[in-house]
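Hi everyone, thanks for coming. Let me put the structure up on the screen, and then I'll walk you through a few parts of it.

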Amino acid sequence: MTTTITWFESYWAGMKSEVGGKAASLGEMTGAGLPVPPGFAVTTSAYRRARDESDLDAHIARLLHGLDITDTDMVSERCAKIRQHIATMPIPEGIELQIRGAYLELGARFGMKDVPVAVRSSATSEDSPDASFAGEHDTYLWVRGAEDVIDAVRRCWASLFTDRATCYRVEMGYEHRSVEMCVVIQKMVHPKAAGVAFTLDPTNGDRSQVAIDAAWGFGEGVVAGEVTPDNYRVDKVMLDITKRIVSEKTHEYVLTDHDTVERVETLPERASAPCLTDSEIKAIARLAKTAERHYGCPQDIEWAVDVDLPEGDNIILLQSRPETVWSKKGPITVVAPGQKTGDYMSSIVSTLMSPLYTKGPDGS
Amino acid sequence: MAGFPLPSEITTPPGAEGWQELYSYSSTCSPARAAYEDSMFWFQDGVHWPKALLPWDASLMELAIMSLSQYNTRHLLVPPANGIDYRIVNGYTYLSPVPAPEADIPARAEHFMQRAGHYFMNWNELYDNWLVKIRDLVKEMEGISFEPLPDIEPLEVVTSGAGKGSGGDLQANYLKLLTCASTLWQYHFEFLNLGYAAYLDFFGFCKTAFPGISDLAIAKMVAGVEVDLFRPDEELKRLARMAVDTGITDAFKLGDVEGTCEALRAKGEAGQAWISSFQQSAEPWFNFSTGSGFSSQDKIWIEHVEIPFDFIKGYIDNLQKGDDIARPTEAISAERDRIVSEYAALLASDEDREAFNGKLGLARVVFPYVENHNFYVEHWSHSVIWRKMKDLGGVLAKEGFFEEPEDIFFMKRHEIPDALFDLFCAWAAPAQPAGPSYWPPIIAKRKSIHAALNQWKPTPALGTPPEVVTEPFTIMLWGITSDSIASWLGGGASDDGSLGGMAASPGVEEGLARVIFGPDQINEVQEGEILVAPLTAPSWAPIFGKIKATVTDTGGMMSHAAIVCREYGLPAVTGTGFATSTIKTGQRIRVDGSNGKVTILD
């Protein structure tokens, strides 16, 4: 069975070959309770139909006939022609209607007309699923309106024929038909606030804590370390906020009227106000905890609170990767290996005399 | 480091001149001990004694402190901590922990391992035995009677060959009550600090493995699901349900207890069954003080039946509105299991998990005592003591020693044998006792001094604070930490004008404050308000269904108020020092129970 559109939430593992690596990962994350920006994939079957119902193969064969991959000018000219062809070729009517329909539905979910989306390539290849040149395939941000979305989809398909990817296939002797392109269409995140979170306390490796850094607007400032963010600790088990430091967040990255992200000074009152509510802080901690469980090791995540999404569904996971510093050292051990654990009396005696309590039960 | 006023610098409040006369000579500051007193650090215990002590009530405070001390120092030899010294200053109790000399600690540790080890090893058996001992003691105290002296002794006194009579019994019974009170307090501390020690051991393990873990999380892992301290409240709910189930709720629409009881009796079997069920619950569960149990002036449910009746009426209303008032024990238990297993899973190794489980196991074995003793000692046993003392007061009042039976609490404990001797002698002769002319002016003067003392706002501490607070029980029982001392020195308010205290129960709430100073004002608390009080007592539980959050002047993590707030899932900040003097009823405040912060928003 082939489908043209697969929403992230209806993805299952059997679809992987139809949607490519990136879309599969987004679908898998959605299924695991990791809320990536909502969206859908235009599957490889859409690409295949568009390709097969046009003269694309013949056109490619003609243009690549006698290609000398050492002649960069020739490669560049011919690949550009292929890409140009794909970017303007007709899409079978049924498929175009389905893409338009899905795009409208995505916007309708948040009550938005012309919802801005990211349109990203998600290539597959039977022979080398990893050699997909992910970085080279196109990504289009802040695309608005069905017309522009259709255009961007075609341009993503066209990005199968970048100079390097094309040369690579020629050199390796792969069929150009063996790579197919799925396209991911995802709501652009419009953050009220954004930042990072660790599933451990980066100051001492405490694995019972989630550490959150947060600032107004887009997360660029936090990631780059150019804004002093609000800093929170949340207990992973109790989901209580155990520490909060609200900082002076002097500037922020905001969305302009013409869909660009710009650095602006933050008004003083806003700068010193906490950028997250308690329930948002806890939701981010829950998200980090879910990511850690899903990937089976401490994570370092990027997240955002999306202004367009309803409360309760507005925390978005942008990225999750393994935490490296403390993970290497391992969790804090209390009992040294080989030490007897049954001698509770000595332990009680040393507890009573332990300097741990000199500062009182609540620590620091 | 800045300090608090020295004991010798404290002046007498106007109208309280001569207040030292109200208390035993050993409990007040004196010139001969001034150098020592000024060199020590003293903190006020407002958790147990929030108001100026009455002369006789001071006895139970002194017995309590003495008993705590003897276990640390003479019985168990807690390695770093001796007992606690105390002084009454302007009527308020100030405590000063006595550390063990550094050089003695290794030898004490040896003794402690052996002695405390015996208790931990045989805990359940010893605790079962404790429950028998305490019930026997209550029975013994209940058996003490104080009756007016008869005109002539009954014939059996003569024919039985007893060879002694009512006058001697009256003297002996008073001494017996005092002895029982002393035994009671020794029983109280037989287990308590050991319970805290095992708890602290688990606590320390958790804080090492998870530096950021909250005290609350640790408390939740250890806390029992069925706790005797909640039993009085459970009984109220049960009686409310019974009234609803048997269709007799309209009897409760009548205002007073008598009217309600009459209406219940008129309902025949169902009403009668309810009344006898109430009576069954009342003994022992309504021997429950509206205060800490340490004051003869606090109301006790069983003597003020209108209190449990009002609470029952409230619960009936809740049930009729369709509210679920049952304590969700299954959910509480499941949540406890979840917390334990998630933390255990985060530990580094199987060795750590084994140690964690072992320490948690021991903490859970000892914790029922920590949670339950309060009902048996401060509520049940003290209720009996206060009742018996009022009976004795009745005997003396009848003979004109003073006007009201309650006036007896204005006598010091060692003055009573003298008064009883006076009475016995005069009755025997018969002749005119001196008491009726001797005591009334003294008592009148003491009443006015006591009233003046109650106007004094006790400073939270005296003397120079230690660099760091190291005594584990001070931290556990009173919530005294280096941080809380620093906050007192700052007058309570932090840089941003908020009040700091212990993060006793998590969550954040905003609302209108209701400041009350004692259980008499409980009725003023309105639905949805934030309760601000010097302290709260477990018996206030039913109003916790109404309020949004709690702030207290005194108390630590393990204070009774903190336990009840966690149970009810209400944010609480305890030990703020100054909440009742800073916050006014009707102000909007924000209570952050996760971070121990109270902010006035108006």
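**Confidence, chain contact and a helix pair**

Let's start with confidence. Chain A has a mean pLDDT of 87, with 91% of its residues at 70 or more. Do keep in mind that this is a predicted model. One stretch of chain A to treat separately is residues 355–364, where pLDDT stays under 50. For that stretch, the model has 22 contacts beyond four places in sequence.

Now, how do the chains meet? On one side we have 51 residues of chain B, in contact with 41 residues of chain A. Several helices of chain B each supply at least two residues to the side that touches chain A, including α3 (105–121), α13 (350–398), α16 (472–478) and α17 (482–489). And which helix gives the most to that side of chain B? That would be α6(B), with nine residues. If you like to think in residue classes, the side of chain B that touches chain A has 30 nonpolar, twelve polar and nine charged residues.

Helix α7 of chain B covers residues 215–222, and helix α12 of chain B covers residues 329–346. Their axes come within 9 Å and cross at roughly 120°, so α7(B) and α12(B) are oblique to each other. The crossing of α7(B) and α12(B) is left-handed.

Who touches whom? From α7(B) we have Ala217(B), Lys220(B) and Met221(B), and these meet Arg336(B), Ile339(B) and Val340(B) in α12(B). By class, the contact of α7(B) with α12(B) has four nonpolar residues, two charged ones and no polar ones.

Conventions. Residues are numbered from 1 along each chain as its sequence is written. Chains are lettered from A and ligands numbered from 1 in the order in which they are written. This is a predicted model: local features need pLDDT of at least 70, side-chain atom pairs count only at pLDDT 80 or more; totals for chains, interfaces and linings use all residues. Axes are lines fitted to C-alpha atoms, for helices over the stretch in contact, and angles run from 0 to 180 degrees between N-to-C directions. Helices (H or I, at least four residues) and strands (E, at least two) are DSSP runs, numbered from the N terminus. Angles under 35 degrees count as roughly parallel, over 145 as roughly antiparallel, 65 to 115 as roughly perpendicular and the rest as oblique. A crossing is left-handed if the near helix is turned anticlockwise from the far one by less than a right angle, and right-handed if clockwise. Two residues are in contact if their C-beta atoms, placed from the backbone, lie within 7 Å. Ala, Val, Leu, Ile, Met, Phe, Trp, Tyr, Cys and Pro count as nonpolar, Asp, Glu, Lys and Arg as charged, and the others, Gly among them, as polar. pLDDT is the predictor's confidence in each residue, from 0 to 100.
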